[in-house]
Amino acid sequence: MAKWKGVILNVSPGGLKLETNLDLPEEIEISLIFDIANHSFHPTGLISWRKKEWNGYHYGIDFLEGHDQPDLIEAIKEYQRQNRA
């Protein structure tokens, strides 16, 4: 299994927007690992769209069934509380 890194630009209970320098095709399943507010998540997602940018690629990734959506929602809320200006 190939491993690579990217930057999550935004995340929601249903998916995320990812920036990376890798040129990936649409409609492939990928396994993700990321942390939010000291909580680790390992969802599987499907690349639903991609856009070439000057510094790489942006991808829309829809989470597939089976990820822990309630825990992700709570982690997002916790992150927002910790990072209020």
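This report describes the fold, the core and a few selected residues of a predicted model.

**Overall shape**

The chain has seven strands and one helix. Along the sequence, the pattern runs β-β-β-β-β-β-β-α. The C-alpha atoms fill a box of roughly 35 × 30 × 20 Å along the principal axes. The radius of gyration is 13 Å. A compact globule of 85 residues would have a value near 12 Å, so the chain agrees with that expectation.

Contacts across the sequence are well represented. Take the contacts between residues at least 6 apart in sequence: 48% of them join residues at least 24 apart.

**Surface and charge**

Of the 85 residues in the chain, 29% are buried. The chain exposes about 6000 Å². Carbon and sulfur atoms supply 49% of that area. The chain carries 9 positive and 13 negative charges. Their mean positions are 8 Å apart.

**The nonpolar core**

In soluble globular proteins, nonpolar side chains tend to be buried together. Here, the largest nonpolar core has 17 residues. Which of its members touch the most other members? They are Leu16, Leu32, Phe34, Ile36, Ile61 and Leu72. Four elements each supply at least two residues of this core: β2 (15-20), β4 (34-36), β7 (56-63) and α1 (69-82). The largest share, four residues, comes from β7.

Leu72 shows how such a residue is surrounded. Leaving out residues up to four places away in sequence, Leu72 touches Ser12, Pro13, Phe34, Ile36, Phe41, Phe63 and His67. Two of these partners, Phe34 and Ile36, are also listed among the core members with the most contacts to other members.

**Two partly exposed strand residues**

Val11 lies in strand β1 (residues 7-12). Its relative accessibility is 26%, so Val11 counts as partly exposed. Beyond its neighbours within four places in sequence, Val11 is in contact with Leu16, Phe34, Ile36, Phe63 and Ile76. Val11 and Gly60 are 49 residues apart along the chain, and their C-alpha atoms are separated by 9.9 Å.

Ser48 is found in strand β6 (residues 44-53). Ser48 also counts as partly exposed, because its relative accessibility is 25%. Not counting residues up to four places away in sequence, Ser48 touches Glu26, Glu27, Gly60, Ile61 and Asp62. Ser48 and Asp62 are 14 residues apart in sequence, with a C-alpha to C-alpha distance of 6.5 Å.

**A loop with positive phi**

Most residues other than glycine have a negative phi. Ala37 does not follow this: its phi is positive, about 50°, although it is not a glycine. Asn38 is not a glycine either, and it has a positive phi of about 65°. Where does Ala37 sit? It is in the loop between β4 and β5 (39-41). Asn38 lies in the loop between β4 and β5 as well.

Is Ala37 buried or exposed? Ala37 counts as buried, because its relative accessibility is 13%. Asn38 is exposed, with a relative accessible area of 79%.

The table gathers the accessibility of the residues discussed above.

| Residue | Relative accessibility | Class |
|---|---|---|
| Ala37 | 13% | buried |
| Ser48 | 25% | partly exposed |
| Val11 | 26% | partly exposed |
| Asn38 | 79% | exposed |

How values were computed. Residues numbered from 1 in each chain as written. Predicted model: local features only at pLDDT ≥ 70, side-chain atom pairs only at ≥ 80, totals over all residues. Heavy atoms only, no water. Core = buried A, V, L, I, M, F, W, Y, C linked by side-chain atoms within 4.5 Å. Buried < 20%, exposed > 50% of the residue type's maximum accessible area, 1.4 Å probe, protein only. Contact = heavy atoms within 4.5 Å. Rg over C-alpha atoms; globule rule 2.2 N^0.38 Å. Areas by Shrake-Rupley, 256 points an atom, 1.4 Å probe, with all protein chains shown as cover. Lys, Arg positive; Asp, Glu negative; His and termini not counted. Charge placed at Lys NZ, Arg CZ, Asp CG, Glu CD.
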